[in-house]
Structure formats: structure tokens, C-alpha cells
Amino acid sequence: MGATHGHNATAAKLAPQVRMTDKPYAPSEKEAQVRFQISNLNFFYGAKQAVFGLNLQIPKNKVTALIGPSGCGKSTFLRTLNRMNETIRNTRVVGEIMLDGQDILQMDVVGLRRRVGMVFQRPNPFPKSIYDNVAYGLRINGYKGRLDEHVEHSLRRAALWEEVKDYLHKSAFALSGGQQQRLCIARALAVDPEVLLLDEPCSALDPVTTAKIEELMFHLKDSCTMAIVTHNMQQAARASDFTAFMLDGKLIEHSETSKLFTTPQDPRTEAYITGRFG
Amino acid sequence: MKRVLLIWRKSLNIVMLTLTGVAAFAVVSVLFLILGYLIFNGWRSLNWDFFTQLPKPVGEAGGGMANAIVGSLKLLFLAAILGLPIGLIGGVYLAEFGGKTFAFITRYTADLLNGVPSIVIGIFAYALFVLPVKHFSAFSGGVALAIMVIPITLRSTEEFLRAVPNSLREGAMALGASKWKTIATVILPAARGGIITGMLLALARVAGETAPLLFTAFGNRFWSPGWSQPIASLPRMIYDYAIAPYDDWHRQAWAAGLVLLGLVLIANIGTRLVLSRGGGGRSA
Amino acid sequence: MSSTATTIEQAVPPKAGPRAFAKRLRDGDEIAHLITLLFAASILLITSLLVYELWVNSKQSRAAFGWGFFTKVVWDPISGDFGAAPFIYGTLVTAVVSLAIALPLGLAAAIFLAELAPRQLSDGIAFLIDLLAAVPSVIYGLLGIFIVVPLMRTTVGPLLIHTVGNVPGIGKFFKGPNYGVGFLTAGVVLAIMIVPFIISVSREVLLTVPREQREAALGLGATRWEATWKVVVPWARTGIMGSVFLALARALGETMAVTMVIGNDPKIAASLFAPGYTIAAVIANEFSEATGDLYLAALIELGLVLFLMTFILNGLARILIVATERGGGHPS
């Protein structure tokens with residue numbers, strides 16, 4: 001799915017310095033509800049600013065892709081959504097991030113992370129059994145119900161159940177890379193998050209596994225809102241409903257995926273998706 | 001002239017390189033010499049009495065070192081319960097919570113404490129626990145050994161915790177685990193093998209120490225109930241018997257030396273084998 | 001001007017930091033932080049207390065003898081006159097002798113292991129040498145008494161006396177009556193004990209020298225030995241120095257093995273075959289029988305001296321070894 005050349009006439013008249021971030025793309029009420037509302041987000045690593053005045057909405061039960069060249073701040077931004085950046089020293093968040101109307105910066109972070117799960121770039125299963133990996137989140141959050149059923153349910157949602165159902169007590173490291181990543185997805189899903197953040201989840205995986213994961217993302221949409229950072233534009237085009245393009249810490253353009261890739265409004269977006277840089 | 005120089009250089013090369021091989025060989029031979037001599041002399045002196053009997057009065061032949069074996073175990077036990085937890089939890093601090101300056105100072109101090117001669121540690125334990133009550137005790141000896149165990153355990157725990165990849169920490173925190181829960185349920189279990197071997201090595205090291213016990217636990221030719229009496233220990237017995245003029249005591253010193261060395265080597269070899277099989281979480 | 005590119009001055013940081021949530025689940029974390037910190041801090045407490053006790057309990061001796069303590073050659077418990085000189089002398093002499101033996105031997109062995117031996121052999125031997133380092137001091141003493149001492153008395157001693165003893169200059173160190181015990185014997189036993197440290201640290205340091213260095217030298221036509229001695233070893237020089245300091249610190253503090261073979265005579269003598277005394281040895285032998293507070297204080301003051309010596313040496317050693325790891329071997 002490639003981008004067509006040339007932008008529409010309106011875009012051509014816009015001076016380059018007009019920031020699209022002034023007017024966040026807002027799907028109309030009947031189209032989608034909003035899960036995350038990000039207003040005026042600025043992020044600092046010490047004295048260095050990495051994200052500048054970001055305004056964005058992440059619609060409910062849809063997949064939003066974040067694309068942009070290396071170092072544009074998309075991973076940093078993603079990690080603010082579950083406050084993972086707080087594990088790094090000297091970081092500062094300025095702005096508002098509302099999850100279903102509540103400011104996540106005022107929330108209890110542990111509770112937040114149960115509602116907003118994360119899958120990382122490299123699979124990072126714990127050195128425990130497959131079962132214990134999936135059950136981990138449940139156990140530490142004091143879940144008292146039937147673990148076995150829940151573990152199976154999560155593994156099914158991650159499209160891994162059939163492959164591991166007879167080996168639940170084997171070490172997670174016995175799995176292949178792609179299976180480990182799906183295990184991490186199952187583990188994240190086990191606590192029933194409302195949002196799942198995926199930080200380049202397929203970059204270390206082969207195309208077949210990547211396709212499997214994209215497929216399971218499609219099926220997960222009904223129960224889970226997703227935001228995925230990806231370097232792979234084809235993946236963004238295939239797997240997402242909305243796409244946001246970032247550059248140098250700023251949000252340049254955000255719209256429905258099909259629109260962004262066929263008729264990008266900003267010349268920089270077009271330059272990126274046609275491969276002129278990044 | 002050039003040719004002579006070349007021959008000289010080449011000969012020098014061979015000679016020096018051979019010498020290095022000889023040196024390495026010599027050092028290794030010393031190890032085998034020690035072991036061999038010890039095994040030879042110690043083995044024929046080892047008998048059932050050694051493990052079960054108390055020492056006989058001076059001058060009489062026979063007897064054993066049962067009290068010294070038990071004594072050493074008692075001292076090690078005290079050293080373990082006093083020193084290991086401090087080293088472990090302190091190591092957790094350094095690896096997981098430490099700020100820059102304080103952690104640096106603590107680490108440095110641990111290394112320095114590690115390098116303090118064990119006899120000085122003995123003086124310290126003496127000043128704290130023997131001087132005020134004016135008698136030697138097993139407790140003071142155990143404390144002296146505990147003080148030696150702490151820095152070793154601290155540094156090795158820290159090292160193995162650091163070796164656990166950060167991706168595991170992030171994975172746990174992303175699931176909503178607080179920091180201490182992450183440490184308790186993911187990090188410590190992952191580093192478990194290495195930490196335990198570090199502890200065993202620390203204990204093996206202090207098991208052979210004599211100097212700090214000389215004026216704390218002192219020594220005892222009988223059983224030592226409780227913790228406030230002087231107590232016998234294997235290294236102390238070896239020392240006393242070796243410098244004494246009785247042949248029978250020399251024989252027993254060899255036997256004790258063999259037992260002590262055997263235990264220390266088993267602990268060292270065993271733990272290293274476990275570590276190299278990846279039980280320490282170093283690979284990953 | 002569009003407001004989105006917020007400048008830093010305009011932004012009002014919300015209470016987003018962790019402090020605001022200290023009341024809730026984070027309390028677990030704060031408590032854990034505090035507890036682990038206390039345990040770690042206990043090391044600082046122990047070390048400070050150690051220095052304090054040494055200082056306080058040696059007060060009587062320091063007051064009685066002052067700085068002269070370090071130069072007095074007398075050690076007379078009966079009349080209560082104590083001086084540290086014989087022990088400092090003995091400690092230093094045995095340490096120097098042990099280094100003189102262990103350093104060339106250890107460095108040569110380390111070179112062999114790092115440069116010449118195939119990796120598996122090198123690892124295997126390094127493992128065995130680490131085991132040597134784990135052997136308790138008292139066992140070295142045992143072997144010292146029953147092997148080294150007789151050997152020194154019957155074979156090595158006479159040999160040295162008749163050969164080196166006749167060389168002008170250093171000959172005076174190798175004369176005199178030879179009972180088997182003494183500075184030389186202690187030095188030999190110490191050498192066996194510290195050589196593993198020199199080998200293992202030097203070997204590791206040599207292994208970190210980048211192979212481009214060796215290859216550059218060989219490419220210029222140097223022999224293996226020349227490349228090693230003139231390029232690789234100098235590169236690792238700082239780390240090797242560090243290993244020497246570490247070994248030295250160890251030698252200074254060694255107690256049991258030395259006590260068993262040094263002869264326990266608080267005298268300064270030129271001959272290496274003469275019996276002597278070290279700080280650690282005199283404390284080991286006389287501490288539990290010290291009568292009188294001054295006697296004890298003098299011994300404790302000796303302990304303080306020993307502590308300071310090893311403290312400084314260990315500190316220097318760490319700096320040197322860290323410097324090699326960081327600076328890649330460039331001489332500071």
C-alpha cells in the first residue's frame with residue numbers, strides 16, 4: 001500500500017510552520033469513543049526535551065499506530081501512557097493524559113499499569129514456566145479466582161494456546177522467539193487491560209510470526225484498545241485504524257490510516273512515507 | 001651482525017616463553033603437592049575416632065576432634081545467620097535502589113572491609129564482646145566470622161542481581177508490580193543460583209579462618225554448650241597441634257587439615273560447577 | 001503564536017512525581033528502600049566502629065609512646081616497654097621477599113596463561129589456581145612447618161649460604177645460623193599464598209589487552225616474546241600493579257602461616273635466615289596472654305598500624321585496577 005504523490009491543494013497552501021498539533025484529529029462521536037486524551041504533553045529527559053506539545057486522541061477499540069524516524073519520540077510517548085518512563089531517573093512529564101476522563105498522572109501507578117499493559121520490543125518472559133508467566137500478573141494483583149481458566153483464556157487470546165497447552169509447566173525459554181512474544185502478549189492480557197501498548201513488538205520477529213501477531217491484534221480490538229509503535233510502515237498500513245506521524249518530538253499528522261497513507265496532508269509526512277528519510 | 005642479533009632474539013624468545021610455561025607448571029605443581037602431601041599424611045591418620053572422640057589429655061595418644069568439628073559448625077552457623085541476611089539485603093540495596101554517592105561509598109567500604117586482615121577483625125570482636133565480659137565466647141567468634149561474611153556476600157549478591165537483564169524488571173513493572181514486588185518475585189528468583197553460591201563461598205572462606213578466633217572463641221578441649229563459653233574449632237586445633245612437640249598431635253593435625261581442606265575445596269569446586277552451568281543467571 | 005510548542009518556562013509541572021503517591025501502594029517501595037538502605041549502611045557502621053575501637057583501645061599505648069613507638073626496637077612485656085620497629089621490619093621484609101618470589105613467578109605464569117596456552121587449558125589452570133587461593137592459611141602453615149622448614153634447614157639454606165652468601169653486597173642477607181624458620185621461610189610460604197592472586201588478576205588484565213596491539217607488534221617483525229613483553233604487558237601495566245598491591249596487602253595481613261614459620265623473635269636482623277616477627281604474628285601469639293592494659297594497648301596499636309597499612313594498599317589497588325578497566329591500559 002503506497003502513498004500517492006502530491007497532496008491536495010489545501011495542504012499546498014499551508015505554510016510549513018503551521019503545526020497540525022493545533023488541531024488534533026477528532027473522530028466524530030458516532031465514529032468512536034476516545035480512550036486516551038492527551039493534551040499538551042511535554043516530556044523531558046533531564047534538561048533535554050523529547051516530546052513537544054503533543055495533542056492526541058487514542059480511540060477506543062481501535063488500533064492506533066505511531067510512526068516516525070528513529071529518535072522522533074514515539075517510544076518515549078508510548079511509555080508515558082503507562083508511566084514506564086518513571087523507572088528512568090530524572091524524567092519529567094508536563095501536560096495532561098486522560099484515561100477515560102481521569103488524569104493518569106494523578107492516579108495510582110500500579111493500578112494504572114494493570115489497566116494499560118505493555119508489550120516490549122524484545123520478548124522478555126520471566127525465567128519461570130509458561131503457566132507462571134501468564135499467571136504472574138494475576139497473582140501479584142491478588143486475583144483469587146480460577147487461575148487455570150484465566151491462563152487458558154489469555155493464551156487463547158494471544159493465539160498461543162494450541163501450541164503450548166500440553167507444555168504449560170515448561171520453562172518459557174523453551175519457546176521460540178515468536179512464541180515468547182506471544183507469551184508476553186498473553187501475560188499482558190491476563191490482567192484484562194483496557195489498553196495494550198505495543199512498542200515495536202515484531203521488530204525482532206520473522207514475517208510469519210509478525211503476520212500472526214497482526215492477526216491477533218485484529219481480533220483483540222473488540223476487547224482492547226491498542227497503540228503500536230512501529231518502524232514498519234507496511235505494518236502500520238495493514239494493521240492499524242488510525243496512524244500518527246511524529247517527527248523530532250512533535251506530532252505532525254494524525255488521521256485514519258488509509259487517509260494518511262494515500263493523501264497525507266503535511267509534506268513531511270509524505271516525505272517520510274515515501275521513504276525520503278527515516 | 002644482524003644475523004647474530006636475530007639468532008639472539010629468537011633464542012631469547014624460546015627461552016622466555018618456555019620459562020613462562022615452567023612457571024605456570026610450577027605453580028600448578030605446588031597445588032598438587034599440597035593436596036598430595038595432605039591426602040597422604042592425612043588419610044592414614046583419619047579414623048573413626050577423629051570424628052567422634054574428644055581430645056585426650058596432653059601427652060596421651062589417641063583421641064579425636066569431635067568438639068572442634070561441632071565447634072566449627074556452630075561458629076559457621078552463627079556467622080551465617082548474622083552475616084548472610086545483612087549481606088543479602090544490603091546487596092539488594094546496592095543493586096536495585098542505590099543512589100550514586102551513597103552506593104559508591106558503601107561499595108568501596110565493603111571492599112576495604114574485605115581487605116582488612118582477619119586478625120584485626122578478631123581484635124574488633126574482642127573489644128566489643130570479650131573485653132566487657134572478660135571471657136572468651138563462641139558468640140564473639142561467630143560475630144567475628146559474620147563480619148567477614150558480610151562484605152563478601154554483599155558484593156556477590158549485588159553482582160548477581162545486576163546481571164539480571166533490565167527487560168525482566170520492565171516486564172514485571174508493566175504488569176503493575178511495585179518495585180519491591182518485582183525484586184521479590186522476579187529478580188531475586190532469577191539470580192537465586194548465583195546468590196546462593198556466593199553465600200556458600202563466603203562461608204567456605206571463613207570456615208578456614210583461625211586468626212579471628214584466637215582471642216574470641218579461643219579454644220576448648222571439651223564440649224562447649226551454649227554460646228558464652230570458649231569453643232574449639234578445626235583451624236584452631238590444627239594450629240595448636242601443629243606447633244606442639246607431640247608426634248601424635250602432628251598426625252591428628254594432618255587429619256584435621258585434610259578434612260578442612262576437603263570441605264573448603266568441595267564447596268569451591270561444587271559452587272563453581274553450578275555457576276558455570278548457568279545456574280547463576282549470568283547467561284541471558 | 002501557537003501555544004502547542006510550549007516552552008519550558010510556561011509549563012507548570014503538575015505533582016507528577018512519585019512523592020505525591022507515597023501514601024498508597026508505593027509505601028511498600030519506600031519501606032523496602034529504607035530497610036535495604038539500613039542493611040547496606042550497616043557496613044559503614046561496622047567499619048567506623050572498627051576504626052573507633054582500634055583507636056580507643058590503643059590509647060594507653062599511644063599516649064605512653066607517641067610517635068617513637070614506630071622506631072623503638074624493644075619489646076619487653078615485663079618492664080612494659082614496647083616498640084613496633086621489629087614487627088614493622090618483619091612485616092615489610094617478609095612481604096618484600098614474598099613479592100620478590102611471587103611477582104616474577106606469577107607474572108610469568110599469567111603471561112603463559114593469557115598469551116600462550118590454548119583457551120581451555122588456560123581456563124582449566126586458572127580454575128585450579130583459584131582453588132589455591134581458597135586454601136586456608138593454617139594449612140599453608142602446616143605445610144610450611146613440615147615441608148618448607150626442614151627443606152630450608154637441610155637443603156635450600158645451606159645451598160644459599162654457600163652460593164649467594166659469598167656474593168659481596170647481598171651476601172650479608174644470606175649468612176648466619178640457619179634453623180629452618182625465619183624471614184626467608186616465611187617469605188617463601190607467603191609467596192605461595194599470594195601467587196594465585198597475582199596470576200588470576202594479571203591474567204584477566206592481560207586478556208583484556210586488545211588483540212590489535214599484539215598483531216601490530218608481530219606485524220612489525222617482533223618475536224612472540226618481544227610482542228608480549230614490550231607491548232602487551234606494558235599496556236596492562238596498571239592492572240598488574242593493582243594485582244601486586246592486592247597481593248601485598250594480603251601478605252601484610254597474613255597471620256597463621258607466618259606465625260608458624262617465622263620463629264617469633266622480636267629482633268631486627270640482616271640475615272634472612274634469622275628468626276623474626278611480624279605484626280600479625282605477634283598479635284596472634286601474645287594477645288590472649290597479654291597481662292596488663294599497656295601490653296594489650298600496645299598490641300592493639302600494632303593492629304591499628306596493620307589496619308592502616310592494608311587500608312591504604314587496598315585503596316590504591318582498587319584505584320589501579322579500576323583505572324585499567326576504564327582507561328584501557330593507557331598509563332596515567
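Me: What makes E9(A) and E10(A) a hairpin in this predicted model?
Reply: In this predicted model, E9(A) and E10(A) form a hairpin with 2 residues between them, and Asp248(A) in the turn has a positive phi of about 50°.

Me: How do you know that strand E9 (residues 242-247) of chain A and E10(A) pair, and in which sense?
Reply: Pairing requires at least two bridges between the strands; E9(A) and E10(A) are joined over 6 bridges in the antiparallel sense, so by that cut-off they count as paired. Within this pair, Phe245(A) stands opposite Glu253(A) of E10(A).

Me: Why is strand E10 (residues 250-256) of chain A called largely enclosed?
Reply: A residue is buried if 20 or more other C-beta atoms lie within 10 Å of its own, and 5 of the 7 residues of E10(A) are buried, so the strand is largely enclosed by the rest of the structure.

Me: What makes up the contact between chain B and chain C?
Reply: Residues count as being in contact if their C-beta atoms lie within 7 Å, and the contact takes 69 residues from chain B and 70 residues from chain C. On the side of chain B that touches chain C, the largest share, 18 residues, comes from H1(B); by class, that side has 50 nonpolar, 13 polar and 6 charged residues.

Me: How do you know where domain 1 and domain 2 of chain B lie, and how many residues of each are in contact?
Reply: The domain assignment gives domain 1 (2-45) and domain 2 (51-278) of chain B, whose C-alpha centres lie 34 Å apart. Their contact takes 6 residues from domain 1 of chain B and 7 residues from domain 2 of chain B.

Notes
Residues are numbered from 1 along each chain as its sequence is written. Chains are lettered from A and ligands numbered from 1 in the order in which they are written. This is a predicted model: local features need pLDDT of at least 70, side-chain atom pairs count only at pLDDT 80 or more; totals for chains, interfaces and linings use all residues. Two residues are in contact if their C-beta atoms, placed from the backbone, lie within 7 Å. Helices (H or I, at least four residues) and strands (E, at least two) are DSSP runs, numbered from the N terminus. Ala, Val, Leu, Ile, Met, Phe, Trp, Tyr, Cys and Pro count as nonpolar, Asp, Glu, Lys and Arg as charged, and the others, Gly among them, as polar. A residue is buried if 20 or more other C-beta atoms lie within 10 Å of its own, exposed if 12 or fewer, and partly exposed in between; C-beta atoms are placed from the backbone. Domain bounds come from an automatic or database domain assignment.
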